[in-house]
Amino acid sequence: MIRPLLLLLLFGTGFSTFAQNAVRVLTLEDAVSLAQASNRLVKNAQLSVSMSDDQIAEARTYRFPSLNLYALGSQLLTPVDFTFQRGAFGSFPGIGPVPATDTRIHTPLRPTFYGLTQFSQPLSQQYKIGLNIKQAKLAKLVDEQQLRAQKQSVTSQVKQAYYAILRTQSSLASSEENLKFDRELDRTTERYVAEKTALKSDSMDVKAKIAQEEYNNLTLRDSLTSQKEQLNDFLGRDIRTDFSVAEVPEATIIEASLDAAQAQALSARPELAEARLTVQQAELNRRITKTQYIPDVSLALNNLSLTNVNLLPSNVVAVGVLVSWDPLDWGRRRHELAAASKTIEQSKNSANETEAQILVEVGAKFRKLGETRALLHATALQRDAEREKLRVVMNQFEQKAALLKDVLQQKTSLESVTNQYSQALLSFWTAKADFEKSLGEE
């Protein structure tokens, strides 16, 4: 009876899929894909990229002609009167003076209307508009890098949450196997007590062990539920969706050298790409600032309409060139240009600092991954050794060459080492997820 129980304990402490057929198994690849498609923060970042397209299209509209309408409807409070002296327009042979007598033109107090229609085509502004379009395109590239960074962050969170569930799920399966073992051991001990070959205290020790394992089982179930809710939130779906996770094979391939990892990170990290784009934005902003020295020249067509105003023409149409420039700025443009130049230096310094921080981070994550891999190997060997010790003690207990307390002590030792192995495995996968994130992988 003892040997089947031993086999049940020894082979039930590793990773196993704790799921019923009705519960959907969620693989790590599926979880990452769902998060990339449905995570709310990722969706917001995607909307920012889409908004950038609208901003580029908006910037292009300034290249085209504009039509401005101005209208003023008013009520005269004072009359608009004109008086022309006799001969104001000259004296002509056969006609005499024009006008022949003093003439007064009177506009009564009545509603009037003034309308101005202006149609203008930018000319000199085309250069500045082109720079603004480039600036909008750079802003879109920055938003795309922020989208990549958000995806990487979500992917890392999903992986870590997935590995935590995998560890808890495996620990829960081990707890279930331990409960089965302890209950069978309790029945065996009760029989030994009845046969006067075991003490009553031995039976009480086993029952206490069962109670402790039941409490451990309850806490694991609660932790598993909370972890699943958190992962469901990362995936952008109903947090009450039930699922189980699939086993992830232990990695056996050693990652590339540190130099190769750092080179990959420098070419793939969105933070560095964003910092370099910020430098380009600062340089372009300086060029835009410099365009303030260029006068605004436009081709303009104006139409002035007047209603209920005597003497003045009712419609005046003119076409020409409209120039607008403020030559007296008291050094404002010069100071803005100097500030833009300093902003370029700031952005370059930030880009260099970002590059240095990436190199430091990749180095730290690379070394941490190596440490966790070594720890995982050591705890795996220790776990196998404790399993073998328990097998020997169980054989001795079966032959009545060892006491029950020896079995319980060795079982506790195996459980402790198994927990250490589970923690080491979680630390390894977490370190691997962090390392992959530091490389710029999505």
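So, D30: with a relative accessible area of 31%, D30 is partly exposed. Keep in mind that this is a predicted model. The side chain of D30 meets the side chain of R24 in a salt bridge, at 4.0 Å from N to O. And R24? That one is partly exposed too, at 44% relative accessibility.

How many salt bridges does the structure hold? The count is 23. Let me pick out a couple more. R221 and E176 meet through their side chains in a salt bridge, with 2.4 Å from N to O. This pair ties together distant parts of the chain: R221 sits in helix α5, E176 sits in helix α4, and 45 residues separate the two. R221 comes out as partly exposed, with a relative accessible area of 36%.

Then there's D384 with R383, a salt bridge where the closest N and O atoms are 3.7 Å apart. What I like here is how the two partners sit. D384 is partly exposed at 37% relative accessibility, whereas R383 is at 12% and counts as buried. The cut-off for buried is under 20%, so R383 falls on the buried side. We also get a network: D182, K209, K411 and E415 are joined into one by salt bridges that share partners.

Just past the end of α4, K196 takes a positive phi of about 65°.

Still on α4, look at Q157, which is found in that helix. Q157 is partly exposed, at 34% relative accessibility. Between Q157 and G363 there are 206 residues in sequence, and C-alpha to C-alpha they are 21 Å apart in space. R391 is partly exposed at 33% relative accessibility. From R391 to V417 it's 26 residues in sequence and 15 Å in space, again C-alpha to C-alpha.

Now the inside. The largest nonpolar core has 45 residues, and the members that touch the most other members are V158, Y162, Y163, L231, L235 and V362. Which elements give two or more residues to this core? Those are α2 (28-38), α3 (40-61), α4 (126-194), α5 (200-234), α6 (258-268), α8 (332-398) and α9 (404-438). The element that gives the most is α4, with 10 residues.

Leaving aside residues up to four places away in sequence, Y162 touches L26, T27, L28, A31, L231, V245, A246 and V248. There's also a second, separate core of 16 residues, and F181, V193, I210 and L414 are among them.

Next, the sheet. In what order do the strands of the open sheet run? There are 4 strands, in the order β2-β7-β9-β10, with antiparallel pairing. At the edges you have β2 (66-75) and β10 (315-324), each pairing on one side only. From one strand to the next, the twist averages 20°. Zooming in on one pair, strand β7 (residues 111-122) and strand β9 (residues 296-307) run antiparallel and are joined by 10 bridges. There, L116 stands opposite L304 in β9.

Which peptide bond is cis, with omega near -5°? That's the one from V98 to P99. P99 has its place in the loop between β5 (96-97) and β6 (103-107). The other one to look at is W330, where phi is near 55°, a positive value in a residue other than glycine. You'll find W330 in the loop between β10 and α8. And is W330 buried or exposed? At 74% relative accessibility, W330 counts as exposed.

Definitions and conventions: Residues are numbered from 1 along each chain as its sequence is written. This is a predicted model: local features need pLDDT of at least 70, side-chain atom pairs count only at pLDDT 80 or more; totals for chains, interfaces and linings use all residues. Side-chain values use heavy atoms; hydrogens and water are left out. Two strands pair if DSSP finds at least two bridges between them. Axes are lines fitted to C-alpha atoms, for helices over the stretch in contact, and angles run from 0 to 180 degrees between N-to-C directions. A nonpolar core is a set of buried Ala, Val, Leu, Ile, Met, Phe, Trp, Tyr and Cys residues joined through side-chain atoms within 4.5 Å. Buried means under 20% relative accessible area, exposed over 50%, partly exposed in between (1.4 Å probe, protein chains only). Contact means heavy atoms within 4.5 Å.
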